[in-house]
Amino acid sequence: YFGLAVHFWRTRWRGAVLDQPVKGLALWERTWLAAALLFHGATLGLGIFPQDEGGMHFGFAVALSMMTWLAVALYWIESFYARMEGLQMLGLPLAAICAMLPWLLPGQHILANAASPTFRLHFLMAMLAYSLFTLAALHAILMAVTEKRLHRGRLTPLFAGLPPLLTMEALLFRLINIAFGLLTLTLLSGVLFSEH
């Protein structure tokens, strides 16, 4: 994540490159970002569901790491349809820090009933839903700041590299819709879990 963030900074938002036409992600950039996402997701999965214990570990650091993984994954998917380099530039350094948090702050809770597949599904859907709602709130704040700067004519290169506001608004509604869908599934899986 850090390496890609430095690469994007040097090739998209620094010096003379600011005067060049905006270009999307190259195939190798997209591939490396996918590899980073797979590695981050695998380490998250092994941290939450240790193979040797059969239990489930969770904590604040893991929640932050999961949220930033989800953000980068969504921006990666959206990059196939719209320019997302500005959002990735903001998200990649944060994802790099949050990916290391479970290792730096290892205090985690061991959850009861974690052996049940129904509980695991319920818990993961709930975490994904709340992470998406948090991302939507942060995304809305970013949109509000960008709009204010746009009206005042004070766009820094980083803000100027963000997608158009209409694209960001469409993404915001997609985030909220997916979060509501996951929250509905969380409630349904909670009913199934309580019956067992």
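## Cavity lining

Helix α3 (residues 60–78) supplies three residues to the lining of the largest cavity, the largest share. The lining residues are Ala-71, Leu-74, Tyr-75, Leu-135 and Leu-175.

The model is a predicted one. A search of the whole structure returns one cavity of 30 Å³ or more, and the volume of the largest cavity is about 30 Å³.

## Aromatic pairs

A pair of aromatic rings is described by the distance of the centres and the angle of the planes. The count of aromatic pairs is two. Phe-80 is partly exposed, because its relative accessible area of 48% falls between the 20% and 50% cut-offs.

Phe-133 and Phe-180 also form an edge-to-face pair, at 5.2 Å centre to centre and 85° between the planes. This pair links distant parts of the chain, 47 residues apart: Phe-133 belongs to helix α5 (residues 117–152) and Phe-180 to helix α7 (residues 165–195). Phe-133 has a relative accessibility of 24% and so counts as partly exposed. Phe-180 is likewise classed as partly exposed, at 47% relative accessibility.

## Charge over a ring

Which residue lies over the face of Phe-80? Arg-30 does, at 4.2 Å from the ring centre. Phe-80 therefore has Arg-30 over its face while being partly exposed, at 48% relative accessible area.

How values were computed
Residues are numbered from 1 along each chain as its sequence is written. This is a predicted model: local features need pLDDT of at least 70, side-chain atom pairs count only at pLDDT 80 or more; totals for chains, interfaces and linings use all residues. Side-chain values use heavy atoms; hydrogens and water are left out. Rings of Phe, Tyr and Trp (its six-membered ring) pair if their centres lie within 6.5 Å; planes under 30 degrees apart count as stacked, over 60 as edge-to-face and the rest as tilted. Buried means under 20% relative accessible area, exposed over 50%, partly exposed in between (1.4 Å probe, protein chains only). Helices (H or I, at least four residues) and strands (E, at least two) are DSSP runs, numbered from the N terminus. A charge sits over a ring if NZ of Lys or CZ of Arg is within 6 Å of the ring centre and within 35 degrees of the ring normal. On a 1 Å grid over the protein atoms alone, a cavity is a set of points where a 1.4 Å probe fits but cannot get out, and a pocket is an open set with protein on both sides within 12 Å along at least five of seven lines; lining residues have an atom within 4 Å of a point. Grid points are joined across faces, edges and corners, and a volume is the space filled by probe spheres set on the points.
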